[in-house]
Structures are given as C-alpha cells and as structure tokens.
Amino acid sequence: MHPEGPERPGRVQHHGPACRFGVKEQRELSVRQNREVTNLRGELSEVRIGESCGIFAVYGSPDAARLTYLALFALQHRGQESAGIVVSDGEKIRSRKGLGLLGEVVTPADFGSLPGHLAAGHVRYSTTGSNKPQNIQPLVLEYSRGLFAVAHNGNLVNAKELRQKCEARGSIFQTSTDSEIVVHLLARPENLGLECPLARCLAELRGAYSFVFMTRDSVIAARDPHGFRPLAMGRLGDAVVFASETCAFDLIGATYERDVEPGEIVRVTASGMESQRIDNADGARVSHCIFEHVYFARPDSVVFGETVHDVRVRLGRRLATDSPAEADVVIPVPDSGRSGALGYARQSSIPLERGFIRNHYVGRTFIMPAEDPRGESVEIKLNAVRNVVSEKRIVVVDDSIIRGTTSRRRFQLLRDAGAREIHVRIGAPPCRFPCFYGIDFPSKGELIAASRSVEDIRAFLGVDSLGYQTVEGLVSAVAHPDDYCAACFTGDYPEPVTENVGKLALENPALGSD
Ligand code: SF4
C-alpha cells in the first residue's frame with residue numbers, strides 16, 4: 001500500500017499556504033460573518049489548555065469541500081490558530097489555508113474553486129512549531145511519487161532525532177512542525193520501491209499521531225499504536241469519512257461506523273477500502289488520552305467508543321460519592337463542567353442550578369481597559385447569578401484546575417454575589433505532570449497541583465472546601481480503564497520521552513517570525 005503518483009525524482013517540495021484573506025479583506029467580511037466569528041471566539045474563550053488539532057477527510061463525495069468545511073466547523077474547539085482544506089478532483093490538488101478561525105479562512109464562496117471528490121481538512125492549535133503560515137495544515141508536499149497532503153493531530157516524541165537523521169541525508173524541511181517528517185521518510189530511496197512504505201515509515205515515529213493523508217486519488221487515515229488521539233471513521237452514502245470526533249459526522253449527516261484502530265492504516269481509493277497494520281503496532285499498550293473525556297472532546301462526541309457526556313456524568317456521580325458536601329445548590333463552571341455537575345446533582349440529590357452566565361460575545365477584538373485597581377485581571381467571560389447564589393451553600397463543579405488563577409477569579413465572583421459557602425469539586429485528579437503527546441499543558445512549574453497540597457490550593461482559591469476526583473474514580477468512569485493514558489495525573493508515561501519536545505523544539509532560532 002502506498003500513495004500513488006508519477007515517478008519523478010526530486011526533493012520534497014512544500015506547496016505553501018495561500019492565505020485567503022489579508023488584513024484588508026478580513027475587515028471586509030460581511031457583518032454577519034463577523035458576528036458569527038465573534039460568537040465563536042466567545043464560545044472558545046473558555047479554552048484554557050491548548051488542544052492539539054482537529055482533522056477530517058472524505059473520499060467519494062462530489063461535495064467534498066463543503067463537507068470538510070462543515071466538519072471542521074464542528075471540530076473548531078480542537079484548534080483555533082489556523083485552518084485549511086485541500087481538495088482533489090483526481091487530477092489537481094487545490095487548497096485554501098490561513099491563520100485564524102475557519103470562518104476567517106474559508107467561506108462558502110470558495111467552494112466553487114475547490115472542485116473534487118476527495119478532501120482533507122485541519123484546524124490547528126500548535127503543539128510543535130509556532131503559529132506561522134508555513135506550518136498551517138494540511139501540509140501539501142511533493143516528492144517523487146507525487147503530491148501528498150498531511151493533516152496531523154498529536155505530537156511525536158522523537159521528532160528531533162528523526163528530523164536530524166533526515167537532514168543528514170539531504171532533506172530540506174520547509175516547516176517547523178513534526179508532521180512534515182513523515183513525507184521525508186516516504187521520500188527515502190529505500191522506501192520508494194516498497195509496496196507499503198507508510199507501514200514502515202510510521203513505525204519509525206514515536207508518540208501520538210492521528211493522521212489523514214490525501215494524494216490525488218486516495219485518502220489514507222492512520223493512528224499510532226497507542227491510540228492516544230481519537231480518529232473515527234464513518235459513511236455518508238457511498239462516501240467514506242474520517243474525523244477526530246463524531247460531532248463532525250453529526251453535522252454532515254454521516255453515520256459513525258468505527259474507530260480507526262490503534263496501529264491501523266486505512267486507505268480508500270476507487271478500488272475500495274484496505275486496512276493494514278503499522279509495522280511495529282502489535283504489542284503496544286493501548287493508551288487513549290483520558291483528558292479527551294475530561295475536557296477536550298465535545299460532550300456530544302463518541303470518543304474511544306463512549307459518549308463523552310456519559311463519561312462526564314459518571315465522573316460527577318463518583319465525585320459526589322467520594323467527596324460529598326452539605327449544600328443547597330450544585331452549579332457548573334460553563335461549559336466543560338456541565339455534564340459533571342449534572343452527575344453530581346443526580347447522585348447527591350442537590351438541585352442543579354445555573355449560577356454562572358457566560359458572555360457569548362467576547363470576541364478577540366475585545367481589549368481589556370487599563371489595569372484593574374486591584375491589579376488583577378477582570379473576569380469578563382462569566383458572571384454570577386446573584387439570586388441563585390446569594391446566601392446559599394454552593395457546590396461548584398469544574399473539570400480540572402491547571403494554574404488556578406482563572407478558577408480563583410471565578411469563585412470570587414460567587415463570593416461577591418453573596419455565596420455563604422463555596423465547595424469546589426473537580427472532575428479530574430490534580431494535574432501534576434506535563435503532557436508530551438499533543439496537549440499544550442503548561443510546564444510542571446505552572447501546574448498548581450505539581451507543587452502545592454490540596455489544602456494549599458483550597459486556600460489559594462479562597463473556598464471553603466476542595467475535593468478532587470481520585471485516579472481510581474477517574475478510570476472507573478470509562479469502560480476499559482487499562483486502555484487509557486493518565487500520565488498528567490500519575491506521571492506514568494506510556495511512551496518514554498527522551499528529547500526536548502517543547503512547542504519550539506524544531507524551530508530554527510535564526511529565523512525571525514513572519
Ligand atoms: S498525559 Fe494527560 S493529556 Fe497527555 S495524553 Fe496522557 S492523559 Fe492525555
């Protein structure tokens with residue numbers, strides 16, 4: 001199995017992004033589009049941990065560009081720095097890519113110039129490589145077998161080593177992402193003659209990857225042997241679709257069929273679908289990212305075979321059992337605390353209320369006025385409902401606490417609105433370790449739980465009690481606890497990390513930013 005294309009010697013060439021809108025054009029976006037973008041920014045403004053990208057691909061639909069656009073819209077929560085769509089009609093590959101949200105980069109007016117029945121798309125949050133035009137995905141590169149588009153979710157932990165090896169053999173890299181490496185491996189002379197070069201090349205990668213690749217006439221999906229990041233497969237009529245989360249299928253009317261298995265490569269062409277294993281896949285410990293269930297994935301998605309909302313409700317129930325509180329109301333921190341709060345309320349029989357209201361209109365154009373007199377950032381996204389919280393004993397449920405500063409501000413809002421007691425319950429255990437597999441967790445020094453006891457954190461937050469989920473409680477909420485990574489809570493990393501895998505690890509410091 002290998003990507004097809006005309007035999008043509010030469011280096012890997014990068015077909016760089018064509019930024020769809022310049023500053024001037026962005027100003028000229030219609031009022032309606034601007035409002036939608038601003039609303040979406042507000043929706044996304046709750047994101048506190050960088051997520052590692054959303055990917056989508058379709059084979060066999062005359063509507064490929066439109067489907068990809070809609071699917072990426074559903075996946076926008078996974079990355080907001082850049083977006084891109086590449087489409088093939090079997091002859092030509094065309095693309096629209098740019099920095100910003102999907103709606104700022106591609107519009108329905110572009111579909112006419114993106115004809116084709118194959119497409120791949122990407123929304124990016126950079127976890128390796130800075131946010132610059134060269135790094136926007138899908139990358140479209142050319143090597144001796146033809147054009148090859150790459151969209152990647154995850155982070156490789158041996159990217160530097162592989163890149164140095166490729167460079168020693170003459171590769172010239174065009175980006176500072178780890179995602180480009182796979183094409184340089186494919187382009188090696190010893191791999192060109194292989195029937196299935198991807199199976200061998202992917203075996204050289206270590207770490208987290210869910211990939212969708214596209215050639216002129218095939219779509220390929222692949223997932224690392226640990227299965228860190230999700231990758232679902234579905235059908236829409238005769239078309240085959242792949243997406244990071246099934247919420248993308250719901251929006252386009254596709255039916256979820258199954259996940260691409262850890263260590264599996266699925267290739268779709270005019271001849272049908274083939275599946276094969278990555279060469280080193282067998283024997284690897286399956287290690288799905290449990291944080292996808294805690295926080296990253298949308299609650300309406302099926303991830304790793306389970307509906308995210310259901311897992312979060314179970315987390316909330318377990319929290320209520322292990323960490324009860326005498327209280328009058330349960331309130332969630334919107335949005336990711338909602339399902340957990342529901343579970344807590346059901347288990348404890350304490351009424352669920354809306355104690356926080358979110359401002360949906362906080363766009364990125366909002367500029368904070370001069371410093372708050374207290375020297376602290378003002379909480380602009382949430383406000384407390386005074387009538388709900390005043391004089392009440394409140395259980396506040398959130399999914400996680402990372403640095404603690406945002407949480408402290410929010411709990412102070414409840415105090416200011418007259419809350420009598422505040423009991424904070426967290427759906428996940430304390431985050432004590434950084435993530436190297438594609439989630440932009442702060443360094444250990446910035447994780448409040450890495451150096452402080454629960455009592456210290458409670459005092460820092462200024463609340464009456466603080467209860468975290470236990471690791472046992474966390475894994476009890478999923479159907480197959482042994483198939484999960486929980487390294488950011490336990491420090492037990494399923495894939496050893498031996499090199500610096502920071503966001504800028506592949507960046508050349510001599511190159512200024514664009
Ligand atoms: S370390 Fe945490 S965030 Fe990273 S893959 Fe494992 S569970 Fe997910």
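**Sheet, helices and ligand shell**

Four strands form an open sheet in the order β18-β21-β22-β23, paired in parallel. The model is a predicted one. Strands β18 (329-332) and β23 (465-468) stand at the edges. Each has a single partner strand, so one side of each is left without a neighbour in the sheet. On average, neighbouring strands are turned by 20° against each other, direction ignored. Within the sheet, β21 (residues 393-398) and β22 (residues 421-426) run parallel and are joined by six bridges. V395 stands opposite H423 in β22.

Helix α12 (residues 338-348) lies across β18, β21 and β22. Its direction is at about 165° to that of β18. Helix α12 also packs with helix α11 (residues 308-322). Two packed helices are described by the angle between their axes and the distance between the axes. For α11 and α12, the angle is about 45° and the axes are 6 Å apart. The two helices are therefore oblique to each other. The crossing of α11 past α12 is right-handed. Residues of α11 in this contact include H309, R312, L315 and L319. Among those they meet in α12 are S339, L342, Y344 and R346. By class, the contact has seven nonpolar, eight polar and four charged residues.

The ligand is surrounded by residues from several stretches of the numbering: F228; C289, I290 and F291; C435, Y437 and I439; and C485, A486, A487 and C488. By class, this shell has 11 nonpolar residues. It has no polar and no charged residues.

Technical notes: Residues numbered from 1 in each chain as written. Predicted model: local features only at pLDDT ≥ 70, side-chain atom pairs only at ≥ 80, totals over all residues. Near = placed C-beta within 6 Å. Nonpolar A, V, L, I, M, F, W, Y, C, P; charged D, E, K, R; others polar. Pairing = 2+ DSSP bridges. Axes fitted to C-alpha atoms, helices over the stretch in contact; angles between N-to-C directions. Contact = placed C-beta atoms within 7 Å. Parallel < 35°, antiparallel > 145°, perpendicular 65-115°, else oblique. Left-handed = near helix turned anticlockwise from the far one by under 90°.
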